[in-house]
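Thanks for coming, everyone. I would like to walk through a few local features of this model, and then turn to the ligand and a sheet.

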Amino acid sequence: MTDAARRHDTGMRGFASDNNAGVHPEVLAAIALVNGGHQPAYGSDDYTAHLQQIFRHHFGEQAVAYPVFSGTGANVIALQALLPRWGAVIVAESAHINTDECGAPEKMAGIKSYPVATPDGKLTPELIDRQAWGWGNEHRAQPMAVSLSQCTELGTCYSPAEIRAICDHAHELGMLVHVDGARLANAAAFLDEPMRRFTTDAGVDIVSFGGTKNGLLLGEAVVVLDSGKFRDVAYLRMMSMQLASKMRFISVQFEALLGGDLWLRNAKHANAMAVRLESAVQGIDGVRLMRPVQANSVFAVLPREATERLQKRFPFYLWNERTGEVRWMCAFDTTIEDIDSFVDALGEEMRTTSSL
Ligand SMILES: Cc1ncc(COP(=O)(O)O)c(C=O)c1O
């Protein structure tokens, strides 16, 4: 008998984050399946070995995957692999590595970021050029990498051609390209393209591939797309405190996710729920949608009083304190009923606000 007790209401749903969802039952079952017996630690297990062929299937024959604990850790490792100590990375101002990692790339890896303001979270060759200068000048950290997020933090997706243009431009200037793919599966679902089409085939050098937001208990992976490059990732992973001793339990989660179509089913579902939310909200007076819905998040502006009351019923984040923009995020386990009750509640709060 366990002494553990359930301490939360499992009927409680929200739109704060796909991280707030639980673990997909197929992933949980996979973890239970590989429990028992002993397996070598630190990635020398049978599951981590098998995982390599699964990643090669998705990212090409040259891909090598390094499972890690967190997306921040994956980003810090990947950027260290790309940059010397005097290197800098060009990023969208809204990028997670710039705004939401407490300066981890700067502190843990000593990496300078050069942020660029973007209208929609997406870099372009022209925007990159605003920071791509100063090579050979020892007074300026050297811009030697570009990092883009697919999907972006604003819920937008790059097309394969857009990523190809960025990679070509960066490579011509001697820079390498990292993709923060915490939600790469959601981009694949939106674009209706295999993941390699807008990573390996588009010229990307290294990817932080996300699992947690798409149904894993925890697990991300640094994926080197050309095994001839960046051979030091294994050392960087250990130095960055991201080497799991019981790695089989991370690797098997990825096997459950990527071995079949669970990754796509989950991502398509989360995206479809966001589209449903978007269209339902369009009919509510006073709610203004702010961005195209291309993945699993919806951004809107509504009166602050309505936001505050609604947040007590369904948790979600105020995305921008200044403008009052909010983010509603769907997950693999968001249901149609969740969307419908949320939209009903939103409608009620908007009516209360207008009658005050
Ligand atoms: C785009 C993006 N990258 C990276 C991360 C970091 O992941 P973690 O919270 O696992 O460190 C997140 C988390 O929300 C994210 O949204």
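Cys-102 sits in the loop between α4 (96-99) and α5 (104-109), where helices (H or I, at least four residues) and strands (E, at least two) are DSSP runs, numbered from the N terminus. Although Cys-102 is not a glycine, its phi is positive, at about 55 degrees. What we are looking at is a predicted model, in which local features need pLDDT of at least 70 and side-chain atom pairs count only at pLDDT 80 or more, while totals for chains, interfaces and linings use all residues. Residues are numbered from 1 along each chain as its sequence is written, and side-chain values use heavy atoms, with hydrogens and water left out.

For context, most residues other than glycine have a negative phi, and most peptide bonds are trans.

Now to the ligand. Among the residues that surround it are Asn-19, Ser-70, His-96, Glu-153 and Asp-180, a residue being counted if one of its heavy atoms lies within 4 Å. This shell divides into 1 nonpolar, 6 polar and 5 charged residues, with Ala, Val, Leu, Ile, Met, Phe, Trp, Tyr, Cys and Pro counted as nonpolar, Asp, Glu, Lys and Arg as charged, and the others, Gly among them, as polar. Helix α3 (residues 71-82) contributes the most to the shell, with 3 residues.

Which distances separate polar side-chain atoms from oxygen atoms of the ligand? For Thr-72 the value is 2.6 Å, for Arg-183 it is 3.1 Å, and for Lys-213 it is 3.3 Å, each a polar contact in the sense of a pair of N or O atoms within 3.5 Å. Taken alone the ligand exposes 390 Å², of which the protein buries 81%, by the Shrake-Rupley method with a 1.4 Å probe.

Finally, the sheet: it is open, has 4 strands in the order β8-β9-β11-β10, and its pairing is antiparallel, two strands being paired if DSSP finds at least two bridges between them. Its edge strands, β8 (288-289) and β10 (317-320), each pair on one side only. Strand β9 (residues 297-301) is joined to β11 (residues 325-329) by 5 bridges, and Phe-299 stands opposite Arg-327 in β11.

Technical notes
Polar contact = N/O pair within 3.5 Å; in protein donor to acceptor, adjacent residues only side chain to side chain.
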